[in-house]
Amino acid sequence: MSKPRIFKTGINKIRIHFSSNPKEARTPPWDGGWIWQNDQLGRPWVTVACQGLGASVWYPCKDHQSDEPDNGATLTIITPDTLVGVGNGRLTQKTALPDNKIAWQWTVVNPINNYLIVPSIGKYVNFTAEMTGEKGKLDLSYWVLDYNLEKAKEHFSIVKPMIKCFEEWMGPYPFYQDSYKLVDAPHLGMEHQSAVAYGNGYMNGYRGMDRSGSGWGKDWDFIIVHESGHEWFANNITTKDMADMWVHESFTTYSEALFVQCRHGLQAANEYVIGQRRNIFNRLPMIGPYGVNKEGDDIYDKGANMIHTIRQVINNDGIFKKILSGLNKDFYHQTVTTLQIENYISVKSKIDFSKVFDQYLRTVNIPTLVYKNTGNHIQYKWSNCVMGFNMPVRLKNNIWMYPTENFQSIGIDKLGIWDLKLIKIFYPYKRNIVQKNICKQAPTE
Ligand SMILES: [Zn+2]
């Protein structure tokens, strides 16, 4: 056994040699490992996906989301000279090696999650573009299989308006130094930082479908938008524990609606989010068990709807926008806990959302607004909710009610309407969908 070595304070270099038979992914990108495929012309096409399982499936690392290398990472991929190796960030060196091989060195200078560092090897070609974003010139780079080049040039034209939209709502793209990239992948897609994996078959929608069923998810590529949205929530702001992964997926799923709003207006975005409710199951809470590398349930569509609900309660898109961009500024390149995010939203909106978060993140119960007409008055309260649940409710005519767990009463004259049929309530989960697990019937707004 060799003598233990004491490291000096500061930066030390460790060289680790390792080799093994790589674990193969069975259903990428949903389980982890290497993906060995051939492209349509029978040539090798190889990459890795390891979200969830973790990067230790293929290289030695401190495999935990709570820590990221402060100064980025360098990845060198050695391929036969007939193939191309693509990694994260920028190509910083390309070296010819003996035996007809090439070493492709890729460098990221920003903090990055282990699971986002991924090599892709195939018959890639590159084309580039640039745009002026909020932090100046942003380089866009696309690595696609040679036979996809022409359709990629057309299909990826969505990227510039998408980044413009995301910057408007969520603040500057978080990795200007590392550029923005899309890389053809033999699986559906993944948010690999500054090398987003793309595998949606150059179709719009999600494999050609509109997940929301609203009709507003058909004319843009779901994978480009969703996985790029993760550059803000997941890659810029990363949760320390997988249990809090709602922060990654809920805000990113909501970024789809923001993109719909940029493209088609607010009404379309509302309909898109409401349409997503058909994908909510309410089986397990959104926050998973801590310390065991496990995410919660319903972190996509239910989370996006929770954020949409919070936006309605804030009722001021200037403030809402400042919260989204403020999160990305104040937690820039950081790892966070759910409580940091929850508190931030309450503090910046000056509305205490703690019980709303408790309700939707930590239980599967759908709060029910109970109300009855006593003649001249409406009595109302929340039921099926956590103790202290106090989410305000806005009526169609912009009158606000502030239900609690106890009945309160309001004169019908105070509601500003006489015909009770005109009472339309803005709240997120109607009681008639409670029993049905899958939300089929959407509220009116
Ligand atoms: Zn996602």
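## Confidence of the model

The structure is a prediction, and its mean pLDDT is 91. Of the residues in the protein, 93% reach a pLDDT of 70 or more.

Residues 421–445 are a stretch where pLDDT stays under 50. For residues 421–445 the model has 44 contacts beyond four places in sequence.

## The three-stranded sheet

Strands β3, β6 and β5 form an open sheet, in the order β3-β6-β5, with antiparallel pairing. The edges are taken by β3 (73–80) and β5 (90–97). Each of these two has a single partner strand, so one side of each is left without a neighbour in the sheet. On average, and ignoring direction, neighbouring strands here are turned by 20° against each other.

Strand β6 covers residues 101–108 and is joined to β5 by seven bridges, the two strands running antiparallel. Within this pairing Leu97 stands opposite Lys101 of β6, and Arg90 stands opposite Thr107 of β6. The hairpin of β5 and β6 has three residues between the strands. In that hairpin, Asp99 takes a positive phi near 60°.

On the β3 side, β6 pairs with β3 over eight bridges, again in the antiparallel sense. One of the facing pairs is Leu75 with its bridge partner Trp106 in β6.

## The four-stranded sheet

A second open sheet is built from four strands in the order β1-β2-β7-β4, and its pairing is antiparallel. Its edge strands are β1 (33–38) and β4 (84–86), each of which pairs on one side only. From one strand to the next, the twist averages 15°.

At the β4 end, β4 pairs with strand β7 (residues 120–122) over three bridges in the antiparallel sense. Gly85 has Ile121 of β7 as its bridge partner.

## Packing of α7 and α8

Two packed helices are described by the angle between their axes and the distance between the axes. Helix α7 spans residues 317–330 and helix α8 spans residues 338–349. The pair packs at an angle of about 145°, and the axes are 10 Å apart. The crossing of α7 and α8 is right-handed.

From α7, the contact is made by Ile319, Lys322, Ile323, Gly326 and Leu327. From α8, the contributing residues are Ile341, Tyr344, Ile345, Lys348 and Ser349. Sorted by class, the contact of α7 with α8 has six nonpolar, two polar and two charged residues.

Val370 belongs to strand β15, which covers residues 368–373. Is Val370 buried, exposed or partly exposed? Val370 has 14 other C-beta atoms within 10 Å. A residue counts as buried at 20 or more such atoms and as exposed at 12 or fewer, so Val370 is partly exposed.

Apart from neighbours within four places in sequence, Val370 is in contact with Tyr380, Lys381 and Ser383. Pro403 is 33 residues from Val370 along the chain. The C-alpha atoms of Val370 and Pro403 are separated by 9.3 Å.

Methods
Residues numbered from 1 in each chain as written. Predicted model: local features only at pLDDT ≥ 70, side-chain atom pairs only at ≥ 80, totals over all residues. Axes fitted to C-alpha atoms, helices over the stretch in contact; angles between N-to-C directions. Left-handed = near helix turned anticlockwise from the far one by under 90°. Contact = placed C-beta atoms within 7 Å. Nonpolar A, V, L, I, M, F, W, Y, C, P; charged D, E, K, R; others polar. pLDDT = per-residue confidence, 0-100. Pairing = 2+ DSSP bridges.
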